[in-house]
Protein chains: 2
Amino acid sequence: MRIILDAMGSDNHPDPEVQAAVEASRLLGDEIILVGQEPLLRSKLDALDTSGASVRIVHAPEVLEMTDKPATAARRKAQNSMAVGMDLLKAGEGDAFVTAGNTGGAMATALFRLGRIRGVKRPALAAPFPTRKGMCVVVDVGANAECRPEFLVQFAVLGSVYAEHLLGVKEPRVGLLSNGEEPGKGNDLVKATYPLLEKSGLNFIGNVEGKELFGGEADVVVTDGFTGNVLLKSSEAVTKLLIDLLREGLLSSPVTKIGALLAKPAFARVKEVLDPSRIGAVPLLGIDGLVLVGHGRSDAATMVSALRAAHEAAEQGLLDKLRSAIEERL
Amino acid sequence: MRIILDAMGSDNHPDPEVQAAVEASRLLGDEIILVGQEPLLRSKLDALDTSGASVRIVHAPEVLEMTDKPATAARRKAQNSMAVGMDLLKAGEGDAFVTAGNTGGAMATALFRLGRIRGVKRPALAAPFPTRKGMCVVVDVGANAECRPEFLVQFAVLGSVYAEHLLGVKEPRVGLLSNGEEPGKGNDLVKATYPLLEKSGLNFIGNVEGKELFGGEADVVVTDGFTGNVLLKSSEAVTKLLIDLLREGLLSSPVTKIGALLAKPAFARVKEVLDPSRIGAVPLLGIDGLVLVGHGRSDAATMVSALRAAHEAAEQGLLDKLRSAIEERL
């Protein structure tokens, strides 16, 4: 299998990418195609032991920065590493493309270079949320601030295929994010979406709130990209606040420091549940190509997980399964 | 001062209410009017030492349950303790009304019995969120699932008056909840609200995300009631998940248990920041009467805080200040 990796995506690029390319190639037996500034990548690669690894470099002179506006940058920097990588994917030079770069930029570039799966109204961003009992995929977390009910039904279809084939959940339970569990609760969008999900043939469990989401009672939760983005960012911010307060408290005296040392396994358990490297990267759902986006803060270990996720997505034939699921419902 | 207290509101009513009435009366020097089933309240009150306290009982035969639908229950149970209490408030028998009952029921009853402040388009629910640097009031967290831009501007006006006079913040910083900080980010509602807030004369700081909210960079954050409700409930659910995971980890071995014991002051600090009893109760913003709603899980100490919040709201002339702020902008 051949996986194309944007070498200029993560906050600390290209070191995590180059290191992960070598490790993942050995681990997965795949060829990894690193896309980015060749001289830089060559020198980084030469400094590593690459025995048993199959890594090659494709040159891309430009880099999309986090501060670049997705739409304009995709035009202005036509030879950026994301664009070049996706062109390789489209040309059949690889089975999947992975980037830890700007998500908005990846979506804009993918729409332009690869287009949508036939029948998909709006591609969406999925995000895995940690829960009491595993993962829950929330779709959309930011691609579409304004949605129509039929978009949300497609998010549910795409999210279910993802949960089934990449998270290994049979008949994923689909929840509709709302401001109350009872049917009839919600804003106009939710109220109009509810009956469509009921007759969708999906395993629809009704409206869900934060309690059900984080309690692990749904595998896929659908919402518009505005609400989903607020949900994602506020959950991250609450988690950060709690962990910061706890850390400050634990460092405040010699006695609490000893307590923290003894209690370390407990903190490790929390960290394990929250660890984003478990998933690595998530596919852009609805794009006509396997494009997976990881977190900007990814280190080499997380990038290896991202490459493994891409390997599995390709091996499972995820793209064909997404295409069929949409096709069936046209 | 006279404060009317719904004695049948909290999950464990009427014990927390009766006990808090006696304590708060002594503490604040106020008369507390307990509204609920008289024989029950009488027997509970007789069992306490009421020296130095001024507490009287007004009979209300019916009780609104958490499972009652707000709109229908308000009609079907016309003599419920919330309705009777608000009628007393309207008749001038008290300076404020406090309940720990169903928030939706309180809003529906208040709209029906007391009405809106002149010029207010939609009353809203406010919720104080703990942040890195104190409290942030989010408006609306559930009263209005669908909003127009001019509603959000009024939420900002009402929330600013509340933050200034009850939280003691001079020129409260107002943020607009969005899916990105930059102006121009947002759904249609946010994009249309932004320019109105810019010229509102309020201390508008622009779009905010979870990071700014929980980082304490705004004193008031406005949003529609659907998004605000999702934000509120998911923040509570994330917090619960983290605390549950940590507790389980800490109880998992003798060593971590000792660690937990030594680290106790650190946990106390987190608990203090998250403690809802610090605020006790929050006024229904835009209702033409001082109605404060506390948490259903309130114990006696939290109910005392709720009565203190009502005392302060009345003492500060909050209702008149809310009326003037709206009047000025008509």
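The legends below describe close-up views of a predicted model.

**View 1. The two copies, chain A and chain B, and the axis that relates them.**
Two copies of a chain are related by a rotation about an axis and a shift along it. Here chain A is superposed on chain B by a rotation of 180°, with 0.0 Å of shift along the axis and an RMSD of 0.0 Å. The two copies are thus related as by a two-fold rotation axis. Within chain A, G259(A) has the C-alpha nearest the axis, at 1.9 Å from it. Both copies use the same surface, since 100% of the contact residues of chain A recur in chain B.

**View 2. The contact between chain A and chain B.**
On chain A, 48 residues are in contact with 48 residues of chain B. Four helices of chain A each supply at least two residues of the side that touches chain B: α8 (210-215), α9 (225-250), α10 (254-262) and α11 (264-274). The largest share of this side of chain A, 18 residues, comes from α9(A). By residue type, the side of chain A that touches chain B divides into 25 nonpolar, 15 polar and eight charged residues.

**View 3. The crossing of helices α6 and α7 in chain A.**
Helix α6 covers residues 149-166 of chain A, and helix α7 covers residues 188-198 of chain A. Their axes come within 8 Å and cross at roughly 50°. That angle makes α6(A) oblique to α7(A). The crossing of α6(A) and α7(A) is right-handed. From α6(A), the contact is made by P149(A), E150(A), L152(A), V153(A) and A156(A). From α7(A), the residues are L189(A), A192(A), T193(A), L196(A) and L197(A). The residues of this contact of α6(A) with α7(A) divide into eight nonpolar, one polar and one charged.

**View 4. The hairpin of strands β5 and β6 in chain A.**
Strand β5 runs over residues 126-131 of chain A, and strand β6 over residues 134-139 of chain A. The two strands pair in the antiparallel sense over six bridges. Between β5(A) and β6(A) lie two residues, and the strands form a hairpin. One pair to find in this view is F129(A) and its bridge partner in β6(A), C136(A). In a regular strand the side chains alternate between the two faces of the sheet.

Technical notes:
Residues are numbered from 1 along each chain as its sequence is written. Chains are lettered from A and ligands numbered from 1 in the order in which they are written. This is a predicted model: local features need pLDDT of at least 70, side-chain atom pairs count only at pLDDT 80 or more; totals for chains, interfaces and linings use all residues. Two residues are in contact if their C-beta atoms, placed from the backbone, lie within 7 Å. Ala, Val, Leu, Ile, Met, Phe, Trp, Tyr, Cys and Pro count as nonpolar, Asp, Glu, Lys and Arg as charged, and the others, Gly among them, as polar. Axes are lines fitted to C-alpha atoms, for helices over the stretch in contact, and angles run from 0 to 180 degrees between N-to-C directions. Angles under 35 degrees count as roughly parallel, over 145 as roughly antiparallel, 65 to 115 as roughly perpendicular and the rest as oblique. A crossing is left-handed if the near helix is turned anticlockwise from the far one by less than a right angle, and right-handed if clockwise. Copies are superposed by least squares on the C-alpha atoms of residues with pLDDT of at least 70 in both. Two strands pair if DSSP finds at least two bridges between them.
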